[in-house]
Amino acid sequence: MMKGFLNRDKFLEILDNVDIWDIIIIGGGATGLGIALDSSSRGYKTLLLEQSDFSKATSSRSTKLVHGGIRYLAQGNIRLVYEALRERGFLLKNAPHLVKKQKFIIPIFNWKMGIMYWTGLKLYEWLSGSLSFGKSKFLSKSEIIKSFPEIKSKELKGGILYYDGQFDDSRLAINLAQTCVKKGGILLNYFQVISLLKKVGNKISGVLACDVETKKKYSIYSKVVINATGVFYDSISKMDESTCPIVIKPSQGTHVVLDKSFFSSSNAIVIPKTQDGRVLFCVPWYDHVLVGTTDTFLEKSVLEPKPLEEEIDFILQTFNKYFVIHTKKSDILSAFSGLRPLFLPNNFCSTDTKTKDISRSHKLIISPSGLISIIGGKWTTYRKMAEDTVNKAINIGNLNKKPSVTKNLKIYGSYSSYKSKNYHWNKYGEDEYHIKKLIDKNPLLGVSLISKNSSSYTEAEVIWMVRYEMARTIEDVLARRFRLLFLNAKKAIDIAPRIATLMAKELSRDEKWEKSQVAAFKKLAMQYYYPVA
């Protein structure tokens with residue numbers, strides 16, 4: 001088996017043969033995967049356990065931006081912006097098959113605000129230093145209209161062009177997992193931690209975990225245990241100390257996806273201040289346009305958050321305020337929500353604090369038992385978060401001190417020198433070659449699942465995802481590896497039965513499994529699908 005291929009059965013065999021790990025990470029989102037990569041690349045015996053699929057929750061539901069965060073400048077959080085801009089540069093260098101430079105334009109309707117934006121974006125550009133993505137510049141009204149034919153031109157004065165990054169979040173998660181495996185790490189999805197193991201003195205010595213597929217339980221021992229479960233931080237911390245105070249507040253961000261006919265530009269647009277003070281992005285993504293995001297407090301974290309009607313209404317109303325083509329709910333191809341784990345300040349009061357005012361900086365919490373918890377942060381800074389966490393783990397676990405090497409570590413998939421003209425294939429990086437070799441051996445596998453005229457979404461890709469990317473369910477394929485559920489929920493529902501048949505053969509599952517998978521996926525996908533009855 002090639003290094004970097006994900007093979008669950010092989011990983012389970014290895015699990016049975018390791019007496020004690022250096023580091024166990026709970027949680028397979030951006031933070032956990034980043035920690036696993038940092039740890040394994042330093043040479044530590046590393047195990048990551050994820051209760052569902054990699055990036056199932058928050059990490060597959062972002063705005064698909066690798067950015068410094070222009071709104072954090074307005075909050076005066078220069079340090080966070082500086083750090084994020086540096087990490088943005090490292091990501092472009094280390095994962096060029098998934099991260100790309102993207103032009104963004106802020107339309108100006110008021111000269112006073114325009115001067116303020118211009119000043120802020122010049123600072124943004126300056127903070128990025130040698131890792132700058134490009135110089136910002138002023139655009140005239142006619143240049144803005146040329147770039148965005150659908151924009152309402154009344155009161156439009158001009159705009160500012162600046163550069164940021166765009167990426168595919170859950171595909172990067174898979175590639176991080178693959179890079180970790182190349183460095184000797186072991187990762188298991190559908191593997192749930194049900195309690196923490198402790199030794200004399202109430203110090204953590206490992207975890208009790210359950211294989212969700214077989215229901216088999218494992219006592220797994222480790223020198224360090226890291227809680228990287230994001231919005232589910234409390235569920236693990238309560239296993240450690242049942243009286244542990246809540247220190248995070250979940251904030252829901254909702255996005256809608258529209259056909260590119262509503263937004264034909266290849267440039268993205270940023271509305272920096274909407275009616276309620278939030279930023280609205282309209283970003284071209286995989287031949288569609290992604291519009292969001294909202295910022296709504298929720299009382300509790302759930303694995304599959306649902307877009308709220310008021311969030312959908314807010315996004316469409318704001319979009320329609322700036323663009324001539326009127327959009328309605330029936331135009332939405334997919335709508336999805338993600339939860340952000342926001343760290344609560346000591347003086348937080350939910351009645352007068354908005355989520356946009358809570359810091360996106362990450363925090364490390366060390367409990368008396370030695371449990372390390374990492375919360376907060378964002379995708380762009382995942383690498384720095386991981387480095388900080390492993391540095392702390394070295395001290396807590398008394399591990400041999402080794403420096404982090406991830407600043408210049410190429411992510412799996414980045415070695416492909418070939419750039420496909422088809423945006424769909426670029427996301428595989430070097431694996432595109434291997435997938436197309438499957439098609440060469442059996443041309444029938446090159447048939448598209450969605451269109452006779454398409455060379456993408458092929459049966460070969462599904463087989464590849466099951467064999468080498470640890471896809472275990474229809475949702476794993478359609479939501480996080482193909483991304484089709486996030487782009488067009490109806491098309492995803494339409495091809496679900498064929499996906500089930502292909503997966504059942506690869507996983508040696510029966511017809512009952514196929515039917516239950518299709519039913520479960522359709523039920524899930526209807527939460528993304530509009531029009532709503």
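Mentor: A residue counts as buried under 20% relative accessible area, as exposed over 50%, and as partly exposed in between (1.4 Å probe, protein chains only). Trp 285, at a relative accessible area of 4%, is therefore buried.

Trainee: On what basis are such values to be read here?

Mentor: The model is predicted, so local features need pLDDT of at least 70 and side-chain atom pairs count only at pLDDT 80 or more, while totals for chains, interfaces and linings use all residues. Residues are numbered from 1 along each chain as its sequence is written, and side-chain values use heavy atoms, without hydrogens and water.

Trainee: How many aromatic pairs does the structure hold?

Mentor: Rings of Phe, Tyr and Trp (its six-membered ring) pair if their centres lie within 6.5 Å; planes under 30 degrees apart are stacked, over 60 edge-to-face, the rest tilted. The structure holds 19 such pairs. One of them joins Trp 285 and Tyr 286, with 5.0 Å from centre to centre and 45° between the planes, a tilted arrangement. Tyr 286 is also counted as buried, because its relative accessibility is 14%.

Trainee: Why is the pair of Tyr 457 and Phe 482 edge-to-face?

Mentor: The planes of Tyr 457 and Phe 482 stand at 65°, with ring centres 5.0 Å apart, so the pair is edge-to-face. This pair links distant parts of the chain, 25 residues apart: Tyr 457 belongs to the loop between α12 and α13, and Phe 482 to the loop between α14 and α15 (484–487). Tyr 457 is buried at 7% relative accessible area, and Phe 482 is buried at 1%. Elsewhere, Phe 104, Tyr 124, Tyr 162 and Phe 281 form one aromatic cluster.

Trainee: Which residue lies over the face of Trp 285?

Mentor: A charge sits over a ring if NZ of Lys or CZ of Arg is within 6 Å of the ring centre and within 35 degrees of the ring normal. Lys 64 lies over Trp 285, at 5.0 Å from the ring centre. Likewise, the charged end of Lys 101 sits over Phe 133, 5.7 Å from the centre of that ring.

Trainee: Is helix α13 mostly covered or uncovered?

Mentor: Mostly covered: eight of the ten residues of α13 are buried, among them Glu 459, Trp 464 and Met 465. Their cover includes α7 (169–182), α12 (431–441) and α16 (489–507). Glu 459 lies in this helix (residues 459–468) and is buried, with a relative accessible area of 14%. Taking contact as heavy atoms within 4.5 Å, Glu 459 touches Leu 444, Arg 498 and Leu 502, among others, not counting residues up to four places away in sequence. After α13 comes Met 470, whose phi is positive, near 60°.

Notes:
Helix = DSSP H or I, 4+ residues; strand = E, 2+ residues; numbered from the N terminus.
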